[in-house]
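Q: I'm new to this one. Can we walk through it together?
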Amino acid sequence: LTRGGARRFIAVPRELFVPHFFAPDRDRPGWRSVKGDDEWRTALYTDTVLVTQLGGDDRAADAIRRGEPVYALPTSSSSAPSLMAAMLEALAIGDDMRVLEIGTGTGYNAALLSHRLGAVNVTTVEVDAVLSARARTALATAGYEPTLVVGDGAAGYEPNAPYDRVLATVAVPAVPAAWVEQTQVDALLLVPLTFAGRGGLMALLQRTPTGATGRFLGQYGGFMSVRGVPPESASKADAELLGTPRPTDMPVEVVTDRHPASFFVSLSCPPFRTMTLFPDDGAPAQTWCHGDGSEFVLVADDGRVTVAADGPLWDKVEAAYQLWNELDQPARESFGLTVEPDRQWVWLSEPGSAQSWPVPL
Ligand SMILES: C[S@@+](CC[C@H](N)C(=O)[O-])C[C@H]1O[C@@H](n2cnc3c(N)ncnc32)[C@H](O)[C@@H]1O
C-alpha cells in the first residue's frame, strides 16, 4: 500500500459502513452478531473481511437476535482492506477518472473512491435495494453522494458512461458485455471471475477497440458470486455406488480451492460443485464432486488419496491436473483473458498462445 493509499483508508471511517458484522459462533456451528464492543472496534481496523449480510436479507440477523442457530451463507461483506487496496492500486486510479463499481455492499469502497476522485466521478451498482439504501445513508454521513444504482450489475449503468475504470467486487462467470461497451479504449477493468465457485481469479483487462484483454493478478481474490445464478445441488449418494476406489496422486485441495492448481482445473473442466461430508463414525472426510452428469468422491486417509468415480467428470479433472503439472505448474499471473463481442478465452503466456480455454458464455 502506498502512503497516499494508506492515508485514504484512514480518512474514511469503516465503522460508519459496518455498524455490525457476523462472525462464526464460538460454541456451536453457525453465526453470531458482533456490534459496538471491543471485538467490533478491533476488527474494523484489522485486515480482514467482515460479513455484513447472511442469506440475502435481514431474517438471519433477526434469528440470531432471538438466539436461534443460523447457518445461512454470506451474501454481502466489506472486503479485506488489503484486497481493496490491491485492487485500487492495480487499477492505477488517477485524477478525474470516472469509475463504475459493481457491488456497492456497505458503500465503504464507494466512499474510498469518492474520497479519491470526487463523488461525481463514482457510480456504484447493487442488486439488493436494502443494502443500497443503507450504503446511501452511510455515504451521506461520511459526506459523499456518488451515483447509487439498484439493479443487476451485469447491465452496468449506461447514463454515466463512458467510464475510465470498472471495478467489480462480486465474481462473474464471464465478463458482461455492458462493462466493456461502457468504457473507452484503453480503460482498465478489474473483474473477479469464478469458474464454478473456485479460483479466486481477478482479471485486469485493458479495453481494446473491439473488446478487452489482459492478465490475471497473482493475488487470490475470493469474491462471492453474483446473485441470481442458482447453485446446482450436490449429491449425497453412497460412495460404494460409484465403484471400487483406486489411489490417485491428486490432492483433495485441488477441488476445494486451496491448491495452486484449483483455478486451472476449474477453468478447463465443466462446472462442478464440491461438498465435504464428515461421517458420524469418525471415518475420514469424503469430498464429493458433481457435474457434467456424473460425480466422484475423494477420501484422504493417512496421506493417501483414493477416488471412486462414475462417468466423465473425474477423467476430466484428473487430466486437467496432469496437464497443469506437465505445463510446469503455471501460476495464475501466467494466464490472461481476452474478451471479444462473441467469445471470451483464457490463454497461457500470451494472447495468441496455442494453450487457450474458452470461457462459457
Ligand atoms: C463483497 S460485497 C461488495 C463489497 C463492497 N464493494 C463494499 O465495499 O462493501 C458484494 C456485493 O455484490 C452484490 N451483488 C451480488 N450480485 C450482484 C449483481 N448481480 N449486481 C450488483 N451487485 C450484486 C451483493 O449484494 C454484495 O453486496
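Q: Which helix gives the most to the lining of the second largest pocket?
A: Helix 6, with four residues. Keep in mind that this is a predicted model.

Q: Which elements give two or more residues to that lining?
A: Strand 3 (50–54) and helix 6 (129–142).

Q: And which residues lie nearest the pocket's centre?
A: Phe 17, Pro 19, His 20, Thr 52 and Arg 134. They belong to a lining of 19 residues.

Q: How does the lining divide into nonpolar, polar and charged?
A: There are 10 nonpolar residues, six polar and three charged.

Q: What volume does the second largest pocket have?
A: About 320 Å³.

Q: New topic: the largest nonpolar core. Which members touch the most others?
A: Trp 179, Leu 193, Val 317 and Leu 337, out of 52 residues in that core. Its largest share comes from helix 10 (residues 312–326), which gives six.

Q: What does Leu 337 touch?
A: Leaving out residues up to four places away in sequence, its contacts include Val 175, Leu 193, Phe 216, Trp 345 and Trp 347.

Q: What lies apart from that core?
A: Another core, of 40 residues. Leu 83, Leu 113, Leu 117 and Leu 167 are among them.

Q: Zooming out, how many helices and strands does the protein chain have?
A: It has 10 helices and 19 strands.

Q: Why call the chain as compact as a globular protein of its length?
A: Its radius of gyration is 21 Å, close to the 21 Å that the globule rule gives for 361 residues, so it is as compact as a globular protein of that length.

Q: What share of the residues count as buried?
A: 48% of the 361 residues.

Notes. Residues numbered from 1 in each chain as written. Predicted model: local features only at pLDDT ≥ 70, side-chain atom pairs only at ≥ 80, totals over all residues. Heavy atoms only, no water. Core = buried A, V, L, I, M, F, W, Y, C linked by side-chain atoms within 4.5 Å. Buried < 20%, exposed > 50% of the residue type's maximum accessible area, 1.4 Å probe, protein only. Contact = heavy atoms within 4.5 Å. 1 Å grid on protein atoms, 1.4 Å probe; cavity = no way out; pocket = protein on both sides within 12 Å on 5 of 7 lines; lining within 4 Å. Points joined across faces, edges and corners; volume = space filled by probe spheres on them. Nonpolar A, V, L, I, M, F, W, Y, C, P; charged D, E, K, R; others polar. Rg over C-alpha atoms; globule rule 2.2 N^0.38 Å.
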